[in-house]
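This briefing concerns one protein structure. It is arranged by topic for reading beside the sequence and the coordinates.

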Amino acid sequence: MVLDASFAAQLAASAERLFYLIDRFQTAKILVVGDLTLDEFLTGQVERLSREAPVLIIRHETTRQVPGGGANAVYNFAKLGAHVKAVGLLGVDDQGKALRSIFEGAGIDTQGVLLDSDRPTVTKTRISGHARQSVTQQIVRVDRKSDDLPDELLQLQLADYIQQHVGTVDAVVCSDYGDGTLTPPVIQAALTHSLSVVDAQIGLDRYTGATVFTPNLPEAEQAVGYSLVSSSGNPADLTQLQQGGHALLQLTQAKQMLITRGEEGMSLFDRDGTQHHIPAFNRTDVFDVTGAGDTVVAAFTLGLIAGATSWEATVLGNLAASIVVRQFGTTPTTPTEMKASLQALLDEFQHE
């Protein structure tokens, strides 16, 4: 990988500081409010076609359950060493029990996770199959969810929990996947913290006044209503991106706007006019970007809490994302992996 020489030099000069900040992740206290989802992966060997219908018969081999959606955001903070309070809703079902068990096994405080008897735990079940000596491929995905909003009493209970604990944490993170947890009372309670970070797929204006927003490029484009990529196709032309970044700051009244741009890296826009454009650290070993945004939010937020500058925090978010995109599915990273990846980057620069 070849990075701009000036950026490589800046990264090398900041290395000791970045290692220090990663070590400070474990001191942070975070409250994450999110649409809690369970991702299930069922795999097996394809045996034959059914005589009942033209469908495959798969002999089950493994079932893997991991946090998804807002639950992945919660899990990322925990795996990076932070003390995490999770806030959200689970159904009264086996999937909800499984997700709570995963959280508790990772040391996550689940007192703010309430049961919703009217709605199922949001679950995305991916069924994959393979023939003998062939690659496993996804065949179908089955989603369990409700389009109804949670009962008003549950909304108020979530908001009350947030209000009671907002003063005990260093930041409040809203992980909004559009599944109904983040209603107006809940959002209002979350935004009372001085460091509120919002990762929302749609409706950014519902979080007006939050400290930081972290949309990806398509989400940012949807919010402003136009493309943020140069019509010439020149990645070095940031005119549209800069216009969109400033428009988003005005729309949300945020202090900072972090736009993740895939293979082009990340761009941070500050209300004081400062901009930071961080190139992607990994363009060649990208297997799956699923959940990478949650990893960015976690590392970026923990960096800020540890005392990082905006540039340093963005670099840390970028570094964490470059690790998880190498793996399939929603997979968190750890401080140990981040430090190893940073050292590998520095070693690579020295040999270029």
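A residue is termed buried when its relative accessible area is under 20%, exposed when over 50%, and partly exposed in between (1.4 Å probe, protein chains only). The model is predicted, so local features need pLDDT of at least 70 and side-chain atom pairs count only at pLDDT 80 or more, while totals for chains, interfaces and linings use all residues. Residues are numbered from 1 along each chain as its sequence is written, and side-chain values use heavy atoms, with hydrogens and water left out. Helices (H or I, at least four residues) and strands (E, at least two) are DSSP runs, numbered from the N terminus.

**Salt bridges**

- The structure holds 10 salt bridges, each defined as a side-chain nitrogen of Lys or Arg within 4 Å of a carboxyl oxygen of Asp or Glu.
- Asp176 and Arg206 meet in one of them, at 2.4 Å from N to O. This pair links distant parts of the chain, with Asp176 in strand β8 (residues 171-176) and Arg206 in the loop between β9 (196-200) and β10 (212-213), 30 residues apart.
- Asp176 counts as buried because its relative accessibility is 6%, whereas Arg206, at 38%, is partly exposed.
- Asp23 and Lys339 form another salt bridge, with their closest N and O atoms 2.8 Å apart. Here too distant parts of the chain are linked: Asp23 belongs to helix α2 (residues 15-23) and Lys339 to helix α11 (residues 335-350), 316 residues apart.
- Asp23 is partly exposed at 39% relative accessibility, and Lys339 is partly exposed at 27%.

**Helix α4**

- Within α4, the residues Gln95, Gly96, Ala98, Leu99, Ile102 and Phe103 are buried. They lie on the same side of α4 because they cover an arc of only 160° around the axis, taken from the directions from the helix axis to the C-beta atoms.
- The face turned away from the buried side of α4 carries the exposed residues Asp94, Lys97 and Gly105.

- Thr37, in strand β2 (residues 36-49), counts as buried at 1% relative accessibility.
- Beyond four places in sequence, the residues that Thr37 touches include Leu99, Val122 and Asp179; contact means heavy atoms within 4.5 Å.
- Gly81 lies in the loop between α3 (70-79) and β4 (83-91) and is partly exposed at 29%.
- Leaving aside neighbours within four places in sequence, Gly81 is in contact with Phe25 and Gln26.
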